[in-house]
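Visitor: Could you walk me through this structure, one feature at a time? I would like the general idea before each case.

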Amino acid sequence: MKLRKEWVEKAKKNAALEAVKHVKEGFVVGLGSGSTAAYAIEEIGNRIKREGLHVLGVPTSYQAFMSAIKHRIPTTTLEEHPILNLTIDGADQIDDELNLIKGMGGALTREKIVASASKKLVIVADESKKVKCLGENNHPVPIEVLPLAAQPVMLKITEIGGKPILREGTKKVGPVITDNGNIIIDANFGLIDKPAELERKIKNISGVVETGLFIKMADIVYIGKPDSTEKIERKK
Ligand code: 5RP
């Protein structure tokens with residue numbers, strides 16, 4: 001069990017190290033959230049120290065912001081830099097067309113905004129995230145919702161075939177509150193054979209801020225393994 005955990009961490013780190021090779025002098029880089037993206041942030045910090053690289057980071061969450069500070073990466077905002085050279089982020093599921101489910105860390109809205117502002121989105125993950133079809137193993141789609149709209153949104157998600165659950169906090173009673181002051185609804189749609197269509201249907205519900213479906217956004221995915229890394233590029 002301990003060995004497996006060590007392998008997974010090694011795999012995540014391998015993917016992150018490959019992704020950070022895309023970072024060049026003068027780049028403005030979107031800093032993703034989650035445990036795999038955290039390795040990429042650490043490596044950007046290492047390169048700043050080692051090579052004297054000049055880069056600016058745009059964090060996608062409070063976690064990424066804290067990590068940038070820890071690794072001495074100067075941060076900026078989309079206000080100052082509305083176009084980013086690159087974003088490196090993690091994912092929860094990745095299908096053959098490089099469509100993604102993201103948001104198990106609750107940072108999906110900022111992650112999608114930062115990714116959309118980037119010329120390139122590089123995803124880092126271990127092998128367990130690769131699936132044939134999004135929604136496999138009853139994996140839910142995280143959806144960020146305005147708190148006042150929780151119940152109507154849950155009803156509408158049921159109408160379009162989902163099973164919604166309000167995400168509860170741990171180490172705090174009540175719902176998870178996102179970095180934007182909203183709630184997260186995790187909706188299980190079973191196997192998602194038309195992810196773009198589902199994304200449109202969910203986005204159409206009033207009160208929905210953003211969904212964790214990232215359709216045709218990832219350009220490159222690095223799948224880390226304990227002793228190697230696989231690179232997959234999206235066919236354009
Ligand atoms: C957070 C995310 C994360 O990138 C995703 O959950 C993957 O995290 P990890 O690398 O820890 O498995 O989308 O909202």
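Predicted model: local features only at pLDDT ≥ 70, side-chain atom pairs only at ≥ 80, totals over all residues.

Visitor: Which domains does the assignment of the chain give?

Guide: Domain bounds come from an automatic or database domain assignment. Here that assignment gives domain 1 (2–129 + 215–226) and domain 2 (136–211). Their C-alpha centres lie 24 Å apart. With contact meaning heavy atoms within 4.5 Å, 16 residues of domain 1 are in contact with 19 residues of domain 2.

Visitor: In what order do the 6 strands of the open sheet with mixed pairing stand?

Guide: Helices (H or I, at least four residues) and strands (E, at least two) are DSSP runs, numbered from the N terminus. Two strands pair if DSSP finds at least two bridges between them. The order in this sheet is β2-β1-β3-β6-β12-β13. At its edges are β2 (56–59) and β13 (229–233), each pairing on one side only. For angles, axes are lines fitted to C-alpha atoms, for helices over the stretch in contact, and the values run from 0 to 180 degrees between N-to-C directions. Neighbouring strands here are turned by 20 degrees against each other on average, direction ignored. Look also at β3 (residues 86–89) and β6 (residues 121–126): they run parallel and are joined by 3 bridges. T87 has L121 as its bridge partner in β6.

Visitor: And why is one side of β8 and of β10 left without a neighbour in the other sheet?

Guide: That open sheet has 4 strands, ordered β8-β9-β7-β10, with antiparallel pairing. β8 (163–166) and β10 (208–211) are at the edges and each has a single partner strand, so one side of each has no neighbour in the sheet. On average, neighbouring strands of this sheet are turned by 30 degrees against each other, direction ignored. Inside it, 5 bridges join the antiparallel strands β7 (residues 141–145) and β9 (residues 183–188). As an example, V141 stands opposite A187 in β9.

Visitor: Which strands does helix α4 lie across in this sheet?

Guide: Helix α4 (residues 108–116) lies across β7, β9 and β10, and runs at about 65 degrees to β10. Helix α5 (residues 150–159) packs on the sheet too, touching β7, β8, β9 and β10, with its direction at about 15 degrees to that of β9. Turning to the 6-stranded sheet, α4 also lies across β1 (28–31), β2, β3 and β6, at about 150 degrees to β3.

Visitor: How many cavities of 30 Å³ or more does the search find?

Guide: On a 1 Å grid over the protein atoms alone, a cavity is a set of points where a 1.4 Å probe fits but cannot get out, and a pocket is an open set with protein on both sides within 12 Å along at least five of seven lines; lining residues have an atom within 4 Å of a point. Grid points are joined across faces, edges and corners, and a volume is the space filled by probe spheres set on the points. The search of the whole structure finds 1 such cavity. The largest cavity holds about 40 Å³ of space. Its lining draws at least three residues from each of domain 1 and domain 2, and α4 gives the most, with 3 residues.

Visitor: Which residues lie nearest the centre of the largest pocket?

Guide: They are S33, G34, S35, A91 and D92, from a lining of 15 residues. This pocket has about 200 Å³ of space, and helix α2 (residues 35–51) gives the most to its lining, with 3 residues.

Conventions:
Residues numbered from 1 in each chain as written. Heavy atoms only, no water.
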